[in-house]
Amino acid sequence: METIKADIVIVGGGGAGLRAAIAAAESDTGQSIALVSKVYPMRSHTVAAEGGAAAVTQPQDDLEYHFNDTVAGGDWLCEQDVVEYFVAHAREELVQMEHWGCPWNRKEDGHVNVRAFGGMKIERTWFAADKTGFHMLHTLFQTSIKYPLIKRFDEYFCVDIVVEDGRAQGVVVIEIATGRICFIQARAVVLATGGAARVFRENTNGGIVTGDGMALAYRQGVALRDMEFMQYHPTCMPGTGLLFTEACRGEGGYLINKDGYRFLQDYGLGPPSDEPRNKFMELGPRDRVSQAIWHEKQKGRTIDHPHGQVVHLDMRHLGEKKLRERLPQIYELAEEFMGLDPAHEPIPVLPGAHYTMGGIETDGRTATSLPGLYAVGECASVGIHGANRLGSNSLVELCVFGRVAGDEASSYAKSARNSSTATLEKKADDICNRVRGLVNNANGKERIADIRNEMAKSMEEGCGIYRNAPVMQKTCDKLEELKQRYRSINIEDKSSAWNTEWLLAIELGYLLDVAQAVACSAINRKESRGSHQRLDGYEQRDDQNYLKHTLARYNSEGPPGIEYSKVKITKSEPGIRAYGEAGEKAEAERNKKKGAAHDK
Amino acid sequence: MTSNDKIIEIEVLRYRPEQDEKPFLQSFKVPFTDDQSVLQGVQYIKDYLDGSLSFRWSCRMAICGSCGMMINGVPKLSCKTFLREYYPGKITLEALKHFPIEKDLIIDLSDFINKLESIKPYIIPAAPRTLEQGEYLQTPRQLDRIAQFSSCINCMLCYAACPQYGLKPDYLGPAAITLLHRYNEDNRDAAKAERMQLLNAHEGVWGCTLVGYCSDVCPKDVDPAAAINRNKLNSTMDYFLRFVAPRGGN
Amino acid sequence: MSTRKPYVRPMAGWWLKNPVYVRYILRESTAVFVGIYAVILLVGLLRLSSGEAAWNNWLIAMQSPGAILFHVVAMGAAVYHSVTWFSVAPKVMPPLMFNGEKVPVAKIVAGQYIFAGIIYLVLLGLILWG
Ligand SMILES: Cc1cc2nc3c(=O)[nH]c(=O)nc-3n(C[C@H](O)[C@H](O)[C@H](O)COP(=O)(O)OP(=O)(O)OC[C@H]3O[C@@H](n4cnc5c(N)ncnc54)[C@H](O)[C@@H]3O)c2cc1C
Ligand code: SF4
Ligand code: FES
């Protein structure tokens with residue numbers, strides 16, 4: 001097996017991985033960086049992000065507001081010191097993106113323009129039409145080409161982390177084009193492998209978003225934190241789950257039920273107004289909006305559609321010109337995939353799994369509990385999203401913490417020493433044999449697609465928008481069963497070059513582990529908070545017992561062990577999480593209290 | 001899937017480098033519903049008929065650029081081409097033309113990646129700006145000059161459409177020239193002179209004979225033919241300016 | 001040994017494989033007729049300079065059925081060539097701005113026809129009244 005040596009290895013060429021690579025290359029250490037990605041970097045799922053990236057920009061805005069929106073949006077399960085760092089560094093990172101060429105939309109005077117987004121008090125979302133992620137990813141990828149220290153391993157698939165002497169010291173990868181397995185030895189490892197929403201059936205994610213890094217770290221004993229919090233995005237295409245960005249509502253779109261009624265006013269988000277109003281109605285946070293759609297369905301006020309019960313996203317009043325200018329991709333998706341013209345017809349939508357709030361547990365500087373291992377981006381839980389992420393916070397997270405990860409990994413690698421290469425190669429060899437064994441011994445009768453589909457369906461039933469113990473238990477049991485069946489999987493293709501069936505089988509293994517962490521974390525959280533909502537006697541938030549992070553620990557024999565850790569609170573005590581008129585009242589109360597505390 | 005599925009015939013040009021001397025056609029019968037894409041068709045084949053069939057895909061929403069293939073001889077994104085459009089006829093799939101086939105529908109695109117890297121696809125400012133100075137100013141009109149040319153998803157359909165690239169693989173080609181043009185036209189950039197040298201070369205814009213098909217097949221309306229041919233004008237000007245002012249005319 | 005063995009497909013006969021390529025080859029080959037026609041005119045000019053008899057012989061040659069047939073074909077070719085060029089012309093030029101808005105492609109193409117029409121009229125005028 002070939003050994004490749006680098007100072008730092010980064011697994012993941014999405015927004016987070018690229019930003020980390022650039023930061024490491026810009027540090028003055030002159031260290032070499034191996035950037036591994038199972039797809040060409042510009043194919044990473046960051047490319048699909050549509051809406052935008054948030055940073056305090058307007059004079060009437062304030063870091064404090066962004067902090068409050070984020071912490072309240074996360075139902076107080078955020079690490080508040082990390083959120084403080086995040087909001088303080090958001091703008092400079094977006095300016096940095098601008099300097100690198102990102103084509104942000106502009107105002108007439110040439111300054112960057114901002115748009116409204118759900119759960120944000122003031123407009124602060126930078127956007128590049130409705131292809132923000134696409135433009136950010138291509139900008140980062142193209143900029144990364146400038147740095148000779150970054151050596152890319154495009155279309156290399158990571159199968160394991162090499163841990164020796166209690167430290168991460170490299171990764172084992174498959175060169176997909178040949179099937180060759182190599183060991184990339186490094187003194188620091190950064191995981192930036194993205195989310196895991198493919199564990200659900202109806203989802204907005206690309207086929208590559210299979211939780212790989214989460215599973216890899218988890219199997220090495222690093223905890224997965226807050227995995228029960230999966231975000232459902234309210235406006236997805238029935239059948240495929242493709243996303244219609246929240247910017248549709250930010251630009252003024254309505255959500256209506258079968259009577260043409262803007263139903264969100266019945267769920268504490270009103271009163272309605274014609275113009276979009278921040279934190280009101282359609283600009284409420286995603287968990288609340290998705291939950292409202294669920295309730296409409298129970299009341300029989302949704303619309304029948306071949307792919308389920310839908311509501312309508314109505315943008316007719318915005319007119320073709322504005323839609324084409326601000327939401328061109330949405331227009332295209334509606335026209336080409338659904339055969340309808342959003343300027344003249346409402347779009348049928350339903351909620352779909354979208355974002356993994358939880359992930360690999362890290363501290364505020366992206367370090368995991370395993371020395372030498374860092375995690376960043378959607379695969380990580382650095383602590384800013386809590387129980388519900390606000391739209392447009394995660395693209396910024398990629399930049400702010402991508403940079404931190406690059407800096408931290410680079411300073412760690414400077415002082416760390418590798419164990420002897422021979423020892424590491426021995427470890428890597430074992431991994432190599434195991435991974436090859438997977439394809440050679442896979443002559444069972446279980447079909448990859450069957451296990452994958454049964455998993456996704458069961459996750460949707462048990463860990464959907466609303467949850468209860470019996471169904472969650474069924475999902476947990478189902479996952480145990482599927483993990484057993486996975487052992488007798490069949491891989492028809494025994495070849496080496498571009499054996500995508502082999503990769504699918506490995507990814508399925510990752511998915512099953514991550515799914516189990518989600519389901520077991522969910523069933524143990526006996527309260528309702530953010531995106532985790534229960535209907536079996538735990539309908540309220542319970543700060544007494546559950547103002548804590550869930551930590552799921554891998555157990556090769558069965559379901560994960562579940563532990564809890566404290567939430568860091570700096571300046572925002574848990575309060576009432578309200579939006580619309582009720583939200584304004586709650587905020588006034590909070591300010592009054594704060595003022596009183598100051599006066600004392 | 002519902003019970004009233006229709007069945008469509010999908011013929012795929014297979015090539016397995018470890019077994020086959022050359023590609024061959026293999027036919028599959030695939031049940032489908034009207035809203036299913038060609039990509040979903042090949043996914044069905046992989047899941048239920050032949051696990052060894054290989055192809056690239058990810059986003060399913062025409063933005064990642066992975067899933068291009070020749071569909072009945074025309075380069076298209078398989079995720080936004082629908083099976084119903086071909087039914088009851090059959091569909092023939094082949095890896096994108098003009099690229100070496102690695103396996104089945106997978107091409108080797110390293111040549112393009114090298115070209116992309118060669119054109120300096122990043123902002124090279126006249127004077128670097130600090131973060132404290134904030135963003136560069138760029139008016140909506142200035143943005144408009146680059147907006148279209150910066151929406152390329154690197155899907156390679158235009159290369160599969162370009163016979164000149166098939167005949168002369170050294171030709172820089174539509175998407176790379178378009179990206180180069182995008183940076184040249186950006187008011188934040190000052191490296192036009194450096195990049196013009198690539199365009200002036202034989203493998204640059206003059207490799208193009210204006211077949212124009214690249215723009216027809218582009219799924220993102222990038223119009224690479226326009227980017228290339230506007231630069232023929234630029235390249236000619238550049239050439240004459242060098243006669244007038246031998247150091248490159250600024 | 002690498003398991004890679006990339007397969008390069010041959011290009012032979014490429015221009016017959018897609019109607020777009022056939023039309024492209026047609027457009028390019030029509031240029032030949034335009035070229036030949038230019039040579040014929042040049043010859044005429046030479047004849048004119050070498051005396052009236054030579055000029056008259058050239059005129060007579062031009063009236064032979066073969067020459068007329070050639071002219072009809074060349075005319076068709078020239079029209080095809082112009083039409084296809086007019087339709088690609090908007091790609092060759094920088095975007096035309098009017099009142100801060102891009103002039104649509106269809107308008108540019110139409111503009112070319114109008115311009116060509118005017119030139120024909122002027123030429124016709126010159127011949128008839130000149
Ligand atoms: C449709 C959609 C719209 C969104 N819109 C917004 C928005 O408007 N605003 C916002 O803030 N956020 C948005 N998000 C969320 C945001 O885009 C993602 O959270 C973010 O892009 C994730 O970036 P990442 O770098 O962590 O991972 P990704 O971009 O997913 O990249 C993961 C990388 O890891 C690599 N990788 C994974 N596994 C392996 C392996 N085993 N071996 C080697 N490499 C591997 C992949 O190749 C890839 O390069 C959206 C998400 C979706 C799905
Ligand atoms: S120019 Fe168009 S066809 Fe060519 S790679 Fe870019 S998006 Fe694809
Ligand atoms: S799958 Fe991403 S472009 Fe088709």
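The entries below go from the ligand to the chain contacts and then to charged pairs.

**Entry 1: ground rules.** I am working with a predicted model, in which local features need pLDDT of at least 70, side-chain atom pairs count only at pLDDT 80 or more, and totals for chains, interfaces and linings use all residues. Residues are numbered from 1 along each chain as its sequence is written, chains are lettered from A and ligands numbered from 1 in the order in which they are written, and side-chain values use heavy atoms, with hydrogens and water left out.

**Entry 2: ligand 1.** I first asked what surrounds ligand 1, and found 37 residues, counting a residue if one of its heavy atoms lies within 4 Å. The closest are A:Ser44, A:Thr46, A:Asp212, A:Glu378 and A:Leu395. By class I noted 13 nonpolar, 19 polar and five charged residues in this shell. Here Ala, Val, Leu, Ile, Met, Phe, Trp, Tyr, Cys and Pro count as nonpolar, Asp, Glu, Lys and Arg as charged, and the others, Gly among them, as polar.

Next came the backbone. A polar backbone atom of A:Cys158 is 2.8 Å from a nitrogen atom of ligand 1. Oxygen atoms of the ligand are 3.3 Å from a polar backbone atom of A:Gly14 and 3.5 Å from a backbone N or O atom of A:Val39. Of the 1000 Å² of accessible area that ligand 1 has on its own, the protein covers 98% (Shrake-Rupley method, 1.4 Å probe).

**Entry 3: chain A against chain B.** How many residues does each chain bring to this contact? I get 67 from chain A and 61 from chain B, with contact meaning heavy atoms within 4.5 Å. The two chains bury about 5400 Å² between them, 52% of it on carbon and sulfur atoms; this is the accessible area (1.4 Å probe) that two parts lose on being put together, summed over both. A:Arg43, A:His99 and A:Trp498 supply 13% of the area that chain A buries here, more than any other three residues.

I also counted nine salt bridges across this interface, each a side-chain nitrogen of Lys or Arg within 4 Å of a carboxyl oxygen of Asp or Glu. One of them joins A:Asp493 to B:Lys103, with the closest N and O atoms 2.8 Å apart. On the chain A side, the residues divide into 21 nonpolar, 24 polar and 22 charged.

**Entry 4: chain C against chain B.** Chain C gives 25 residues to this contact and chain B gives 40. The buried area is about 2600 Å², with 57% from carbon and sulfur atoms. C:Tyr7, C:Arg9 and C:Lys91 lose the most area in chain C, together 29% of what that side buries. I found four salt bridges here, and B:Glu102 meets C:Arg4 in a salt bridge at 2.6 Å, N to O. The chain C side has 15 nonpolar, three polar and seven charged residues.

**Entry 5: all chains.** Searching the whole structure gave me 81 salt bridges. A:Arg286 and A:Glu246 form a salt bridge at 2.7 Å, N to O. This pair links distant parts of the chain, 40 residues apart: A:Arg286 sits in helix α7 (residues 286–298), A:Glu246 in the loop between β13 (230–236) and α6 (247–250).

Notes:
Polar contact = N/O pair within 3.5 Å; in protein donor to acceptor, adjacent residues only side chain to side chain. Helix = DSSP H or I, 4+ residues; strand = E, 2+ residues; numbered from the N terminus.
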